[in-house]
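This report covers a single protein chain.

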Amino acid sequence: MEENHILAKWLNNELTEAELTEFKANPDYEKYEKIKNYTAHLEVPDFNEAKVLEHVISHKKIAPKVIPLYKNWLFKVAAVLVIGLGITFMMQNFALQTQYAPNGKRTTFSLPDNSQVVLNAGSEIEYKKWNWNNNRNLELDGEAYFKVAKGKKFEVATDLGKVAVLGTQFNVKVRKNRFDITCFEGRVKVNYKDKEVILTHGQSVTFENGKQISTTVNTSKPEWLENTIAFNIENLRNILDEIQRQYNVSIEVKAKYSDELFTGKIPIDNLDVALQIIATTYHLEPNKIAPNKIIFEGK
C-alpha cells in the first residue's frame, strides 16, 4: 500500500529529494521510468457528456419477449380441444356404433351408404362406420326393416343366423329361438345353422327349434311399419312378449297357457283392441290393474 502511494507521488512529481533518492534505489525503478516515458506521449480525448447522453437515449432498446399468461392458457385450451376432436372423430368412425329402439318406440336411421333401417320396439343394431363399403356387416338383436342402397354385399348377423343381400328390401326378426326373414324386393340369402335358403320378392321363411316354415306375402313392406303386427303360426307367449314390447306394458297370465298357434294381425296403436283379440282367441279375461299392468285370467 505504501509503495503504491510513493509511486503515485513520483508520477505527479511530488517526491522530496530524499524520497526521490530512495525511490531510485528501488530495483523496479528502471521499469517504472520506461512506462512513464511511454505514456507521456499518449493523448486521452476529452469526455463529452452531452454526446454520450445523446447516444444512450437514441440507442434502440430491444424489449424482452414475454408471453402473457392468458395466451399460455389459450394454447393449453386449444391443445385440449384438438385432442378432444381427435377422440370424437375416432369414436364416431372407428368405435362400434349402436342404435336402439326401446319398448314402445321405433328408431329410424341411415347407414354410411345411405341404406335405411327402421328398428322395431325392443331391438338393437351394432355396426362400424370405418371401411363400410368393404365391410357392410351389422349385428341385430330384435327386428328391423332394411332398405338397402345398391352396392356391395350387405350382411345382417343374428344369434340364430345370417342374412346376406345385394340391393334389396327385407325384414329380419330374431326373438328367443325364432328367426323370421321376409324379402320385399331383390334377393336375400339366409344361413341358419347348416341350412341355406334363397328368398326372392314376396317370400318369407321362419326357423324355430330346428323347423323351417316357408310362406309368401303380398305386401310391399312389413305390417309393423303401418302399426299392425302380423303373426304366422305363433304361440301365445311370443305374442304377449311382442305386445309388451310394442306398448311398453307388463302382462301376466293367471291361467294355463294354450298350445293353440295364432296366425293373424294385431294392432300396435290400440291396446284395448289388441287385448280383446287375445282374449277372444284364447278364451281369457283381460283386467287392467294399472295403466301399464294387465292380467289375463281364465274364463
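In strand S19, Ile-295 is the bridge partner of Asn-287. Strands S18 and S19 (residues 293–298) run antiparallel and are joined by 6 bridges. Pairing requires at least two DSSP bridges between two strands. Strands (E, at least two residues) and helices (H or I, at least four) are DSSP runs, numbered from the N terminus.

This is a predicted model: local features need pLDDT of at least 70, side-chain atom pairs count only at pLDDT 80 or more, and totals for chains, interfaces and linings use all residues. Residues are numbered from 1 along each chain as its sequence is written, and side-chain values use heavy atoms, with hydrogens and water left out.

The sheet is open, has 3 strands in the order S16-S19-S18, and its pairing is mixed. S16 (250–254) and S18 (284–290) are the edge strands; each has a single partner strand, so one side of each lacks a neighbour in the sheet. From one strand to the next, the twist averages 25°.

## Helices on the sheet

Helix H6 (residues 236–247) packs on this sheet and touches S16, S18 and S19. The direction of H6 makes about 150° with that of S16. Helix H7 (residues 271–282) also packs there, touching S16, S18 and S19. H7 makes about 145° with the direction of S18. Contact means heavy atoms within 4.5 Å. Axes are lines fitted to C-alpha atoms, for helices over the stretch in contact; angles run from 0 to 180 degrees between N-to-C directions.

In strand S13 (residues 203–208), 5 of the 6 residues are buried, so the rest of the structure largely encloses the strand. Buried means under 20% relative accessible area (1.4 Å probe, protein chains only).

S13 pairs antiparallel with S10 (residues 178–185) over 6 bridges. Phe-179 stands opposite Phe-207 of S13. S13 is also joined to S14 (residues 211–216) by 6 bridges, again antiparallel. There, Phe-207 has Gln-212 as its bridge partner. S13 and S14 form a hairpin with 2 residues between them, and Asn-209 in the turn has a positive phi of about 55°.

## Cores and totals

The largest nonpolar core has 30 residues; Ile-125, Phe-146, Phe-154, Val-163 and Phe-170 touch the most other members. Another core, of 26 residues, lies apart from it and includes Trp-224 and Tyr-282. A nonpolar core is a set of buried Ala, Val, Leu, Ile, Met, Phe, Trp, Tyr and Cys residues joined through side-chain atoms within 4.5 Å.

The chain has 7 helices and 19 strands. Of its 299 residues, 33% are buried.

Technical notes. Buried < 20%, exposed > 50% of the residue type's maximum accessible area, 1.4 Å probe, protein only.
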